[in-house]
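Student: I would like to learn to read a model feature by feature. Where do we begin?
Tutor: With the strands, then the helices, cores and rings.

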Amino acid sequence: MVGATLGTKLAALGHEVKIGSRESDNAAGAAWVKSTSRGASQGTFADAAEFGEIVFVCMRGDVALPVVKSVGANKLKGKIVVDVSNPLDLSKGAPFPLLPDLVNTTSLGEETQKVLPQSFVVKTLNTVNCEVMVNPALAKGESNLFISGNDAAAKSRVIEVLRSFGWKDIIDLGDITTARGTEMLLPVWLSLWQVIGNPNFGFKIVGR
């Protein structure tokens, strides 16, 4: 859902987009290509990694790292990799806890950077619902988006993309280790979803 939503928005903005799956002829991917504007295509995860100038990783937290490893660091060498995934353990039912090996002393963002030492991993968009990712106005008020990463130029390029989605107030938290904080916001986000009754909200930092 997240990948399709991001891909649809990027294609609508005029970008060439290839969505990746385990199989090149994945039925959901084919349906997405058929329903999306010009510039959409599908392939395997490796195909998408090789194709993209910027590669978005937006999968379940328990499969994101294995998929990245299966693609291989060489295919992503020198590329910007936007990590949108969250390390939620979906096996235990709601409320979903965080995967214990990807919290407190590390994060999914950090582990992705370790797997891809010659790529520029940028963590962002993981603190909002996928619909809000591409249309922040759905949150009915200006909210903040957070970004983490080791390379300033890569973050600047990703911020350009985020601004094209409509994001105005983006807070650069620093290097990739700061992804720990935004990933640990997810239990709060899930609780708020239950209280508010819908997922179309964001976080706003006041007093800056």
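Tutor: Strand β5 (residues 120–124) and β6 run antiparallel, joined by three bridges. Two strands pair if DSSP finds at least two bridges between them. Helices (H or I, at least four residues) and strands (E, at least two) are DSSP runs, numbered from the N terminus. This is a predicted model: local features need pLDDT of at least 70, side-chain atom pairs count only at pLDDT 80 or more, and totals for chains, interfaces and linings use all residues. Residues are numbered from 1 along each chain as its sequence is written, and side-chain values use heavy atoms, with hydrogens and water left out.

Student: Which residue of β6 stands opposite V122?
Tutor: G149 does. On another pairing, β6 and strand β7 (residues 169–174) are parallel, over five bridges. There N144 stands opposite D169.

Student: How should I read the side chains of a strand?
Tutor: In a regular strand they alternate between the two faces of the sheet. In β6, N144, F146 and S148 point one way, while L145, I147 and G149 point the other way. Six of the six residues of β6 are buried, so the strand is largely enclosed by the rest of the structure. Buried means under 20% relative accessible area, exposed over 50%, and partly exposed in between (1.4 Å probe, protein chains only).

Student: Is S143 buried or exposed?
Tutor: S143 is buried, at a relative accessible area of 6%. Its place is the loop between α6 and β6. Leaving out residues up to four places away in sequence, S143 touches W167, D169, G202, F203 and K204. Contact means heavy atoms within 4.5 Å. For contrast, take G197, in the segment after α9 (186–196). G197 counts as exposed, with 58% relative accessibility.

Student: How do I find the buried side of a helix?
Tutor: Look at the arc, taken from the directions from the helix axis to the C-beta atoms. In α4 (residues 61–71), the buried residues are G61, A64, L65, V67, V68 and V71. They cover an arc of only 165° around the axis, which puts them on the same side of α4. The face turned away from that buried side carries the exposed K69 and S70.

Student: What do the buried residues of α4 pack against?
Tutor: α3 (45–51), β3 and α5 (108–115). After α4 comes G72, with a positive phi near 95°. Just after α1, G14 also has a positive phi, about 100°.

Student: How is a nonpolar core defined?
Tutor: As a set of buried Ala, Val, Leu, Ile, Met, Phe, Trp, Tyr and Cys residues joined through side-chain atoms within 4.5 Å. The largest one here has 29 residues, and L125, M133, L162, F165 and W167 touch the most other members. The largest share of this core, six residues, comes from α7. Apart from it lies another core of 16 residues, including V55, L65, V121 and I176.

Student: And how many aromatic pairs does a search of the whole structure find?
Tutor: Two. Rings of Phe, Tyr and Trp (its six-membered ring) pair if their centres lie within 6.5 Å; planes under 30 degrees apart count as stacked, over 60 as edge-to-face and the rest as tilted. Ring pairs link W189, W193 and F201 into a cluster.
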